[in-house]
Amino acid sequence: MSLPCGIRNYSYATDTAIIRTKTQWTLFIVFLLIVFTFPFYFPRFWLDVMNLIGITTIAIIGLNILVGYCGQLSIGHAGFMAVGAYTTAILAGSYHMPFLLALLLSGVSAGLIGLLFGIPSMRVKGFYLAITTIAAQFIIIWVANHWTDVTRGSMGLGVEAASIGPLIFDTEASQFFLIISITVLCVLFATNLARSRIGRAFIAVRDNDLAAKVMGINVFAFKLLAFFLGCFFAGIAGSLFAQWRGHITPEDFTFSQSILYIGILIIGGLGTSIGPIIGTVFIRLLEQCVTLLAPLVERSLPGIPSGFATGLSPMIFGLIMVLFLVLEPKGLAHRWNLFKASYRMWPFSY
Amino acid sequence: MEQLLQYTITGLAVGMIYALIALGFALIWKSSRVANLALGQLVLISSWFTYGILVQAHFPVWAGMIMTILFAIFLGWAIERFTLRPLIGQPTLSLIAVTLGLGYFLEGIVIVVWPISVAKLPVLFPQDPINIGSAVISQEYVWAAGISLALFILLSLFFKFHKMGIAMRAAADDQLAIQACAVPINRIFSLSWIFACIVAATGGVLISSIGGITSALIETGFKSFSVVILGGMDSFIGCMVAGPLIGLCENIGAGYLTSIIGPGIKDLIPFVIIILVMLFKPYGLFGEERIERI
């Protein structure tokens, strides 16, 4: 299918491998090497941006499982991230739990909350479910704002930098290694999940849930599993976010963030394993461009209104989201695949 | 007891405004099966536009109202023409996501054009309070409730008897069949968005003439979703019943629960209602349950 000319598979193992040819292996290893040596030639500022990219990628991977593969639209992903972030802040902060355990428990707690709000998916879908997840977002953030004994409301909670045994991740570079390693693991897990029986069942539920039921798939169980997994990743992302940022408030997980995540997923490409990565990198870098360029534009053109710098980024982002849906609904991942195909076929494109 | 009467009356009046905004949602859903999640932002931008016309450009009130309606018509037409029409036939997910992106875009425009975050519209209605028994209610609320009731009756009659209204209902039922009957489906969708924007603008002006213009209007839009969900998505009468119900729950709940749970409970109640409705009666009080076939 996506093999270069003249390459054949001689065993089942090579047929199912994700990376199949020597060239692909070389490219993959070189890519990983380049990524993991970023701290040596990028300044701190850009490492920080890349940390954010890593965290967002994990969240989007979760959203991709839920929305892209299983077709259950969730517009409350930032809320589920908040659950993970607060779990880490409380467990690691107040109870001094080791970071890895807190990370795992954050994922599980976010997953369980996700399960709770996924229960209505038994009877409804589409817009009704989207509204439920919006309600989930508002309820979770309301609790974070008002359960002041535990979350300290809008004051927020301080979180120490993560540490595993003697390793303490308190610099940008060490944070980078921690976050990117976990991101790579998550990407690997999600890619393999999508190829497994579970992933195929998700896709069947997405494409036609009634037909999937007739085929013998327990639709409700798989929907709930998708909610659990999707929110589990959100919890992991939230946990990493909490220890990376060092301080969390409910303001970090607003409804706008949830929309942003949906947008990133759409721009990257729904139901693909490369989509979340491309989308996140694209949007986060665009965000940096806007924050860097907006003051420049404001200074050089004195006539523009004073809200320009703050309003520009939601405006551009909303516009891009609409444009992608109208012009390129399959997202950047589709473009990437087209590029790969044309590269593979070159120079004989037939 | 006196308190209860006060909460009830305020709740009913506020609920009528929620119902009006929810009508804007039901209009679009009824004719094109598109869920408009940019409702709050539409309310926000039309309130700010009214502010710009009346306060910043010093137009008289009647001219300002006409300009607001014209703006709403233009907005509705532009949204349908440039975002929804290319997406006809796409999956639900794209249709929902496109309105989300649209909302984000509109919010950005509001921030760019009106960077002041709080403003007050000039007084549109007489302000003297009205006494009902022992309860007191500001006259603005009564006006707002009256206007939303009038709009509801107009829209219901339109959908029931006018040729275009019947065509709109038919379009919601089966798009292919209605195209085969040579009904201009593009015009129907366009018209439903225009109506929805006018309704949203009216709701926006009413609500912001009472409470001022803040970004909380977006949250008001989300609260109206609880009205839509409780009433049933494709039912006008559902909106008009559920709106006051939600207003009642919000105000009575806030009145009695604040001392138990703490401040801010008011903002939580509509969302809890959404979850409860989803769990127990997902198609709402008056909604039509659709049976799917493969």
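**Exercise 1. Burial and overall form**

Of the 294 residues of chain B, 52% count as buried, where buried stands for 20 or more other C-beta atoms within 10 Å of a residue's own, exposed for 12 or fewer and partly exposed for anything in between, with C-beta atoms placed from the backbone. The model is a predicted one, in which local features need pLDDT of at least 70 and side-chain atom pairs count only at pLDDT 80 or more, whereas totals for chains, interfaces and linings use all residues. Residues are numbered from 1 along each chain as its sequence is written, and chains are lettered from A and ligands numbered from 1 in the order in which they are written.

*Task.* Describe the fold content and the extent of chain B, and then do likewise for chain A.

*Solution.* Begin with the elements, which are DSSP runs numbered from the N terminus, helices being H or I of at least four residues and strands E of at least two. Chain B has 11 helices and 2 strands, and along the sequence they follow the pattern α-α-α-α-β-β-α-α-α-α-α-α-α. Along the principal axes, the C-alpha atoms of chain B fill a box of roughly 60 × 50 × 35 Å.

Chain A contains 16 helices and 4 strands, and buried residues make up 44% of its 350 residues.

**Exercise 2. The interface**

*Task.* Which element gives the largest share of the side of chain A that touches chain B?

*Solution.* Start from the contacts, a contact being a pair of residues whose C-beta atoms, placed from the backbone, lie within 7 Å. On this basis 41 residues of chain A are in contact with 39 residues of chain B. The elements of chain A that give two or more residues to this side are α7 (127–146), α11 (209–214), α13 (255–268) and α15 (308–327), and the largest share, 13 residues, comes from α15(A). Sorting the residues of this side by class gives 31 nonpolar, 9 polar and 1 charged, with Ala, Val, Leu, Ile, Met, Phe, Trp, Tyr, Cys and Pro taken as nonpolar, Asp, Glu, Lys and Arg as charged, and the others, Gly among them, as polar.

**Exercise 3. Helix packing across and within chains**

*Task.* Characterise the packing of α7(A) with α11(B), and then that of α9(B) with α11(B).

*Solution.* Two packed helices are described by the angle between their axes and the distance between the axes. The axes are lines fitted to C-alpha atoms, for helices over the stretch in contact, and the angles run from 0 to 180 degrees between N-to-C directions. α7(A) and α11(B) pack at an angle of about 140 degrees, with their axes 9 Å apart. That makes α7(A) oblique to α11(B), since angles under 35 degrees count as roughly parallel, over 145 as roughly antiparallel, 65 to 115 as roughly perpendicular and the rest as oblique. Among the residues that make the contact are Phe138(A) and Trp142(A) of α7(A) and Phe271(B) and Ile275(B) of α11(B), and the contact divides into 12 nonpolar, 1 polar and 1 charged residues.

Within chain B, the axes of α9 (residues 216–231) and α11 (residues 265–280) come within 9 Å and cross at roughly 30 degrees, which makes α9(B) roughly parallel to α11(B). Lys223(B), Phe225(B), Ser226(B), Ile229(B) and Leu230(B) of α9(B) meet Pro270(B), Phe271(B), Ile273(B), Ile274(B) and Val277(B) of α11(B), and by class this contact has 8 nonpolar, 1 polar and 1 charged residues.

**Exercise 4. A residue in a loop**

*Task.* Is Ala182(B) buried or exposed?

*Solution.* Ala182(B) lies in the loop between α7 (175–180) and α8 (185–211) of chain B. With 7 other C-beta atoms within 10 Å, Ala182(B) is exposed. Its phi is near 65 degrees, a positive value in a residue other than glycine.

Methods:
Two residues are in contact if their C-beta atoms, placed from the backbone, lie within 7 Å.
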